[in-house]
Amino acid sequence: MKLLETGNKISVADIPDRSYNDFRAELIDSCGGGKGARIVSLFALREGGNRLIAAVADDKAGTISVTSTLVDSTYPSLTPALPQVHLFERELFEADGLRPEGHPWLKSVRNPFATDFSRMGGDESHEVAVGPVHAGVIEPGHFRFQCYGENVEHLEISLGYQHRGIENAMVGGPDKRTVHLMETAAGDTSIGHSLAYARIFESMAGVMVPARAEALRAIALELERIANHVGDLGALAGDVGYLPTKSFCGRLRGDFLNITAELCGNRFGRNLVRPGGVAFDVSGDEALALAGRLKSLLAQADEAVELLWNTPSVLARFEHTGIVSRQDAIDVGLVGPAARACGLDMDSRSDHPTGMYRYTAIPVSTSLSGDVYARAMVRMLEYRRSARFILDTLASLPAGKTTAESKAPLASAMLAVFLVEGWRGEICHCAITSADGKFLRYKVTDPSFHNWFGLALALRGQQISDFPLCNKSFNLSYCGFDL
Amino acid sequence: MMRALNARLRQGYRTNPFPAEDPVLSPRYAGLPQLDPGACNACGECEKACPTQAISAHTAPSELKLDLGRCIFCGECEKACDQGAISFSKTFRMGATEREGLVLGKNTEMRIKRLNDEMLRCFGHAMKIRVVSAGGCGACEADVNVLETIGFDLSRFGIGYAASPRHADALLVTGPVSGNMELALKKTWEAMPDPKLVIAVGACAISGGIYRGMPEVRDGADSTLPVNLYIPGCPPHPISILNGLLGLLNRLP
Amino acid sequence: MCSPFWWRSSGGSDYERYASFLNSLCDCGTIRSPVCGHHPKDEGFLFREERISLFQTYRDLFKLLHKGIVYSKSVSWLFKLAPLASLAASLIACAWLPFGGMTGLFSFTGGFLLIAYLFGAARFVTMLASLDTASAFEGMGANREALFAVFAEPALLLGFGAVIVAPGNSSLANAISVAQNTTFSDYGVVAALAAVSFFILALAENSRIPVDDPTTHLELTMIHEAMILDNSGPDLAFIEFASSLKLWFFYVLIADIILPLFHVGLVARICGTFLIVFVLAALTGIVESSMARLRLMKVPQFIGSAAAFAFIAILLKGIL
């Protein structure tokens with residue numbers, strides 16, 4: 001394995017080319033059995049044979065390294081030894097036709113018409129199929145519950161309805177569509193994905209981003225986190241039928257989004273992050289006004305969220321519901337608040353800091369119980385800490401420009417990997433350029449990609465009526481997964 | 001319980017006064033684009049900058065046209081035009097019952113025609129909407145969803161979201177209609193009792209938006225269903241969506 | 001809350017009967033609007049900001065009556081019968097219900113048994129109809145409904161037992177007129193316990209928090225709502241109207257139990273009934289606004305408590 005160089009990039013020629021057995025041994029050595037490292041991306045490059053490329057992040061050391069191997073159309077599956085790659089292997093099977101021999105559940109990832117679901121036998125069990133069109137206003141996905149009475153024995157999640165082909169459309173870029181495609185990879189994580197893309201672009205083009213731009217980007221990213229966490233806490237209240245917090249937080253989410261709109265005119269932070277910096281600046285007065293507005297909204301949010309912890313009927317629903325064990329979280333490679341709620345101390349903002357996070361640390365929020373309560377608690381801690389970070393940053397905005405003027409082309413034949421801690425967790429973008437500086441492969445890994453399986457695990461042995469609650473406590477993206 | 005009531009008192013009254021009053025939007029909000037063919041010199045720079053081919057301006061200044069149905073309001077054309085022929089106003093009232101009405105610059109009028117009297121008698125004060133997200137990024141759903149919160153309180157107009165297509169009067173489509181959702185969307189439509197409407201919300205649902213032309217998508221709800229109302233934006237501001245719905249139901253003052 | 005018919009009730013007894021029935025038809029929707037919003041899926045009134053129209057229920061019904069019906073390919077005549085059956089059951093129940101001391105449209109010995117079984121029959125047909133759609137949710141909804149009915153139906157009968165049978169009466173109208181001559185200490189505790197029992201049943205039978213969440217858009221947690229996902233147009237209108245009537249039925253029933261304690265004239269009793277119904281609606285709103293839904297498997301215990309209250313009322317009646 002080879003560490004990425006400065007700027008999180010490495011020349012394609014320098015990526016180690018191992019035999020499959022060495023490749024496998026390397027990955028198992030570094031990531032297996034809770035060794036600390038994780039596979040953040042695994043994909044194939046089809047130029048000159050099928051080359052598997054794996055990016056491995058070591059959170060304790062704060063490093064990312066890559067390794068690769070050439071495989072035939074079949075290869076021995078890594079999943080039995082390294083469960084966290086199970087979806088990556090299924091993806092390779094679907095998109096690139098590479099068959100991992102010995103994969104325990106090999107089926108397509110984004111083809112919703114695949115009908116082979118794992119089934120539970122017996123006369124007294126029954127199956128509940130939900131979706132793709134749901135009763136609520138949510139994105140499409142299909143869920144198959146194997147139930148015994150009201151108990152869920154197994155849940156299989158089948159997605160792909162939102163598949164638009166973003167990764168394919170990125171190939172040959174960057175062009176005028178690229179940044180917009182990234183902003184819409186997951187609409188509620190526009191800042192997170194566009195920021196990850198901007199980092200790739202800047203690293204490859206050698207652009208130095210002004211400090212002021214980095215500060216504004218971090219503010220926007222944390223605002224996105226606050227809006228979504230507060231909104232989700234309200235939605236959790238709604239899912240257990242607790243109306244006060246649901247009503248207040250539903251409205252407050254919009255108010256936080258409106259702060260983002262004050263920055264860039266769009267509630268979801270569209271058109272804000274651009275390669276080289278940010279497209280909008282804030283004046284001193286505006287910064288003061290934003291801070292004032294944020295403070296008053298926070299007081300209201302705190303009051304609304306506090307009600308949750310003071311209402312026994314709510315706590316009775318949150319506690320011991322949807323538990324994911326710490327070991328399972330490590331094994332399947334959970335990321336973000338879902339992982340932190342299982343007690344895993346990992347956060348890309350502190351483990352792999354970029355931009356503003358290199359100067360200002362945000363404490364990592366963890367909880368131990370791994371249930372809905374823990375996920376709600378982590379989200380509450382996170383939005384409060386993000387708010388403090390924003391207020392501090394707004395009070396001491398670096399002077400200078402907001403965008404770097406650079407028309408440099410992307411470096412040729414280069415690989416770059418960046419991790420950005422979006423509100424759902426780690427967003428990993430990994431790009432490889434061709435000899436003429438165009439994207440040859442652009443791999444997007446939304447945190448939802450890692451975490452959907454966590455939701456399936458959380459549901460085992462739970463009541464089926466608790467599914468919406470568990471689902472909302474993860475609140476994963478369908479479009480970010482389907483791309 | 002007392003805490004909740006206490007909080008209720010302190011959180012106060014927060015429902016947006018629209019449609020009685022216009023809402024206060026961010027000063028940076030990019031609303032309805034204004035075209036000034038007089039200033040246009042047909043250099044075609046805006047067309048080159050536009051990521052969704054929403055704009056055409058390469059032949060003659062009088063031909064300057066902007067298709068709101070494709071526009072994602074990124075503002076690149078405004079930046080690219082050194083003549084100032086394109087600018088984004090603060091007007092949030094956007095929407096049309098005819099697809100052609102969204103093409104600005106031609107001799108068309110962007111207008112939301114109210115439903116006919118018979119439909120209005122039924123739906124005017126009671127309409128249930130089934131929302132189907134057919135591809136797309138999820139931002140439009142979020143802004144549709146937000147209308148049900150107390151911030152906008154859709155139910156004061158007698159409008160609400162239905163849990164089942166059987167209960168629904170209108171099908172609100174977001175997203176470009178991905179190939180994988182096409183069948184589900186059609187089935188939802190067929191499951192609804194007559195009379196029924198289709199509302200396309202967002203650039204994706206109107207034209208495919210940023211995904212237009214990609215092989216995995218069907219370039220908008222038009223491809224599959226007869227659309228009655230188009231609400232442009234990427235995503236449209238909730239107030240634009242509300243304006244569209246109320247316009248259709250003849251509830252705007 | 002004020003139907004155009006109530007003033008006529010000061011006339012003869014025939015008028016009285018029709019008036020109390022027509023009152024039900026006209027007022028059930030208006031009580032439903034402030035409590036549930038215009039549709040059972042709206043939030044409790046405390047956390048709403050704009051008041052929605054009192055007549056929203058009727059607007060919705062009007063619209064539904066003008067809509068077409070879509071039947072799925074799998075359903076049979078049973079599915080088409082169920083909405084009418086539940087409407088019929090609710091209508092008959094309201095016709096039987098005394099209102100503010102006025103006798104219902106009909107009343108006979110043991111009528112309360114007919115009402116309890118009519119509700120049971122309506123529930124049975126609704127459950128069969130939902131199974132008829134062969135959909136996994138509707139089956140799940142029917143399954144839950146059946147489970148909860150096991151607890152709710154005995155509670156309803158015990159409640160009737162406490163206020164009608166235990167004091168030695170033969171019908172509700174009879175019980176009310178007898179109760180009007182009793183004292184507070186004689187009947188007060190029994191009435192209060194029975195009222196609590198019926199209130200719990202009202203929450204459970206009408207899909208309110210903490211049993212079911214009428215605002216939920218989550219198909220996997222629905223109970224009653226899950227069973228009617230496939231109904232459309234006029235069928236849905238019948239079901240919605242039937243559930244409005246059912247809510248009205250329980251509120252007025254509680255008023256009927258409490259009011260005889262206050263020895264007042266007809267007009268005062270009618271006003272009192274409206275007042276109690278309004279208070280109950282507000283109480284429902286407060287319960288809904290201040291607590292979360294119970295975990296589904298805890299619901300039988302909650303409904304069981306209604307039976308317990310009624311049972312204690314019967315015991316007390318025996319002692320007193």
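The structure is a predicted model. Its largest pocket has a volume of about 1300 Å³, and the second largest cavity holds about 460 Å³ of space. In chain A, the helix α7(A) is largely enclosed by the rest of the structure, because 19 of its 22 residues are buried.

**Largest pocket**

- The lining of the largest pocket is made of 40 residues.
- Those nearest the centre of this pocket are Gly131(A), Val133(A), Pro165(B), Lys187(B) and Ala191(B).
- Elements that give two or more residues to this lining are β9 (125-130) and β10 (142-148) of chain A, α6 (182-190) of chain B and α5 (136-165) of chain C.
- The most is given by α6(B), which supplies 5 residues to the lining of the largest pocket.
- By class, the lining of the largest pocket has 20 nonpolar, 11 polar and 9 charged residues.

**Second largest cavity**

- The count of cavities of 30 Å³ or more comes to 18.
- Around the second largest cavity, the lining consists of 31 residues.
- Nearest the centre of the second largest cavity lie Glu145(C), Glu205(C), Ser207(C), His224(C) and Lys246(C).
- Two or more residues of this lining come from each of these elements of chain C: α3 (77-96), α4 (111-132), α5, α7 (184-205), α8 (224-227) and α9 (233-258).
- With 5 residues, α9(C) gives the most to the lining of the second largest cavity.
- The lining of the second largest cavity divides into 15 nonpolar, 7 polar and 9 charged residues.

**Helix α7 of chain A**

- Helix α7(A) covers residues 243-264.
- At 1.5 Å a residue, the 22 residues of α7(A) should span 32 Å, and its end C-alpha atoms are 32 Å apart, so the two values agree.
- Buried here means under 20% relative accessible area.
- Of the 22 residues of α7(A), 19 are buried, which means that the helix is largely enclosed by the rest of the structure.

- β5(A) pairs with β4(A) (residues 37-45) in the antiparallel sense, over 8 bridges.
- In this pairing, Phe43(A) has Ile53(A) in β5(A) as its bridge partner.
- The hairpin formed by β4(A) and β5(A) has 4 residues between the strands, and Gly48(A) in the turn takes a positive phi of about 65°.
- β5(A) is also joined to β6(A) (residues 63-71) by 9 bridges, and these two strands run antiparallel.
- Asp58(A) has Thr63(A) in β6(A) as its bridge partner.
- The hairpin of β5(A) and β6(A) likewise has 4 residues between the strands, and Gly62(A) has a positive phi near 70°.

**Open sheet of chain B**

- Chain B has an open sheet of 3 strands in the order β2-β3-β5, with antiparallel pairing.
- The edge strands of this sheet are β2 (55-56) and β5 (103-104), each of which pairs on one side only.
- β2(B) is joined by 2 bridges to strand β3(B), residues 65-67, and the two run antiparallel.
- Opposite Ser56(B) stands Lys65(B), in β3(B).

Technical notes: Residues numbered from 1 in each chain as written. Chains lettered and ligands numbered in written order. Predicted model: local features only at pLDDT ≥ 70, side-chain atom pairs only at ≥ 80, totals over all residues. Heavy atoms only, no water. 1 Å grid on protein atoms, 1.4 Å probe; cavity = no way out; pocket = protein on both sides within 12 Å on 5 of 7 lines; lining within 4 Å. Points joined across faces, edges and corners; volume = space filled by probe spheres on them. Nonpolar A, V, L, I, M, F, W, Y, C, P; charged D, E, K, R; others polar. Expected span 1.5 Å × (residues − 1). Buried < 20%, exposed > 50% of the residue type's maximum accessible area, 1.4 Å probe, protein only. Pairing = 2+ DSSP bridges.
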